[in-house]
Amino acid sequence: MALTQADIDREVSELQDAYDKALAGGAPAAHHPPRDYAPYRSSTLRHPKQPLVAVHGDPETVELSGPAFGHTDVTALDNDLTKQHHGEPLGERITVSGRVLDGRGRPVRGQLVEIWQANASGRYAHQRDDHPAPLDPNFTGVGRVLTGDDGSYTFTTIKPGAYPWRNHTNAWRPAHIHFSLFGDAFTQRLVTQMYFPNDPLFPYDPILRSVTDEPARQRLIATYDHDLSQPEFSLGYRWDIVLDGPSATWIEEGR
Amino acid sequence: MTEQTTALAPTPSHTVGPFYGYALPFPDGGEIAPVGHPDTITLHGYVYDGAGEPIPDALLEFWQADPSGSLAGKPGSLRRDPVTGGFYGRNGVDFTGFGRVPTDADGHYAVRTLPPGGAPYISVCVFARGLLHHLFTRAYLAEPAGDTLLSGLEPARRETLLARAEADKHRTYRFDIHLQGDKETVFLAFD
Ligand SMILES: [Fe+3]
C-alpha cells in the first residue's frame, strides 16, 4: 500500500530525534546524509551494509589526484541556460553565483561545475519524466562552467518549479538545481542539490531531510542576494560550495 | 586574495536522482583510450542492487593514471563544439584518464581504456538514484604484491575489487559492482 506523507513524516522525525540525541550526547556532526535512509525509499536496496574500508594518505593513492578540465570542455554560452534556444524560456530569470572552496577555504580553480534542473513548470527535459507539466521548447536545463581563479562560478537560468515524485502519496520535491563538482582530487568529487530560501516544501522532503544535521541542511540553501540581482533582468542567488575529502596538496603539506 | 587555513564544513552530498541522463553523460564518455590504440582494454560489467537486480540508472566515473603512471590528466574529455553548442567527442589522441558512462537498461556499462602505469587499478566512483552519497571503489586489473588495501581484506571481500580477464574475449575485463548483498563490493573512504 502506498505510504502517506504522515508515514514519511513519522519516520523522518524519528531519525531526526535519534540524530539530535546522539549529537547532544557528544557524537560528531554528520555533514553528509546516511546512505541508509529509509524515508527515501529508493535507498533501501542501494546502500552498502558493510562499513567503508579506509584508505590512508599514501601519496601514491590515485584518488588524491583528479581529472583535468579546460576551455575545450565548455563553450562561452554553456553557463547561460536562457540562451540555448531561439526563444526565451518561460519563468523567473535568475543569476546563481558563488565560489567553490576546499575544506581549508582555498579556491578550487579551473574545475568543472555542471548543473541540471527542471523548467519553470517543474518538468525535466528527460524522456522518463512523465510529470504532466508542459515542456518548454526554449529550455533544456543543462549548464556547465569552469571555476575562475577565485573559485567563482556564475549561471544564468530560470527558477525551476517544484515537481511530484513517487516516493509516497503526494510527494513533492522543493525547487532545486542539481550540481556536479570536481576538486583537485577525485576524493573531493561532489554531486548535490541547491535549494531556494523559504521553500514551504522543505519539511516534507525526505531527500533534504536525509541531511539530519541542521547547519549542514542550511548549507544546501542559497541566499537571495540583491547585489547579485541585475536591473530589469534577473534575481540573484548566492551559493558557495565547500568540497570534502583530502587532496595530494594536503598530504604534501603534512596534514 | 588571502587563503584561509581554518576548516570549513563541507556542502552535503545529495543523490544524482533519476534525471541526470540528459545532462551528465557525453559522447565518447567511455572511450578513454586514443582511437585504435593497440593496448586498448575493455572494462565492463553490471551494477546490482541488494536484491540482485541490475540498476539501469547508475552513473559511473573512472579516473586513472596514464600508461606512464602520470596522474596529471589532460583536458578534453567532454570537448564542446562552439559552433553548434553540442559535443565534438574526444580528440582521439589525448589520454585524459577520465571516463563517465551511465548504465544501460540492462544495468550494464563498458569503458575502453589503456592499462594504468604504476598501481594497476582504475578508480571508480558510483552514483545512482537512491544513493544519497556517491561510493568509491577500485577495479584492479592485477593483484599487486604488497598492496595494503588488498592484503588487509578477507579473500571473499578482496575478490570484489579484482577485474577478471575474460578468456573468450580479447583484452576484456569483467568488473561487476554490487551496492548491497552477499557479493557486496568493497567501497572506500579516504582520510
Ligand atoms: Fe531533481
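User: What is the site of the iron ion, with angles of 88 to 160° among its 4 donor atoms?

Analyst: This is a predicted model, in which local features need pLDDT of at least 70 and side-chain atom pairs count only at pLDDT 80 or more, whereas totals for chains, interfaces and linings use all residues. Four donors count as tetrahedral if all angles lie between 85 and 135 degrees, while four count as square planar and six as octahedral if opposite donors are over 155 degrees apart and all others between 65 and 115, anything else being irregular. With a range of 88 to 160° among the 4 donor atoms, the iron site is irregular.

User: Which protein donors of the iron ion lie 1.9 to 2.2 Å from it?

Analyst: Residues are numbered from 1 along each chain as its sequence is written, chains are lettered from A and ligands numbered from 1 in the order in which they are written, and side-chain values use heavy atoms, with hydrogens and water left out. Donors are N, O and S atoms within 2.8 Å of the metal (3.2 Å for Na, K and Ca), and sites may look incomplete because water is not among the atoms. In sequence, the iron donor residues follow the spacing Y-x38-Y-x12-H-x1-H. At 1.9 to 2.2 Å from the iron ion, the protein donors are Tyr124(A) through OH, Tyr163(A) through OH, His176(A) through NE2 and His178(A) through NE2.

User: Are Tyr124(A) and Tyr163(A) buried or exposed?

Analyst: Relative accessible area decides this, with buried meaning under 20%, exposed over 50% and partly exposed in between (1.4 Å probe, protein chains only). Both Tyr124(A) and Tyr163(A) are buried.

User: Which residues does His131(A) touch, not counting residues up to four places away in sequence?

Analyst: His131(A) is located in the loop between S3 and S4 of chain A, where helices (H or I, at least four residues) and strands (E, at least two) are DSSP runs numbered from the N terminus. His131(A) counts as buried because its relative accessibility is 12%. With contact meaning heavy atoms within 4.5 Å, and leaving out residues up to four places away in sequence, His131(A) touches Ser121(A), Gly122(A), Arg123(A), Tyr163(A) and Pro164(A).

User: Which strands are the edge strands, where each pairs on one side only?

Analyst: Two strands pair if DSSP finds at least two bridges between them. In chain A, an open sheet of 4 strands with antiparallel pairing has the order S4-S3-S8-S9. Since each pairs on one side only, the edge strands of chain A are S4 (142–146) and S9.

User: In S9(A), what is the bridge partner of Phe179(A)?

Analyst: S8(A) and S9(A) are joined by 6 bridges in the antiparallel sense. Within S9(A), the bridge partner of Phe179(A) is Thr192(A).

User: Which residues touch the most other members of the largest nonpolar core?

Analyst: A nonpolar core is a set of buried Ala, Val, Leu, Ile, Met, Phe, Trp, Tyr and Cys residues joined through side-chain atoms within 4.5 Å. Among the 39 residues of the largest such core, those touching the most other members are Tyr153(A), Phe179(A) and Ile241(A).

User: Which residue of chain B does Leu101(A) touch?

Analyst: Leu101(A) lies in strand S2 of chain A and is buried, with a relative accessible area of 9%. Beyond four places in sequence, the contacts of Leu101(A) include Ile241(A), Val242(A), Leu243(A) and, from chain B, Leu8(B).

User: How many of the 8 residues of strand S5 (residues 121–128) of chain B are buried?

Analyst: One side of S5(B) carries Tyr121(B), Ser123(B), Cys125(B) and Phe127(B), the other Ile122(B), Val124(B), Val126(B) and Ala128(B), and all are buried, so that both faces are covered. The strand is largely enclosed by the rest of the structure, because the buried count is 8 of the 8 residues.

User: Which residue in the turn of the hairpin formed by S5(B) and S6(B) has a positive phi?

Analyst: S5(B) pairs with strand S6 (residues 135–140) of chain B in the antiparallel sense over 6 bridges, and the bridge partner of Val124(B) in S6(B) is Thr137(B). The two strands form a hairpin with 6 residues between them, and the turn residue with a positive phi, about 90°, is Gly130(B).
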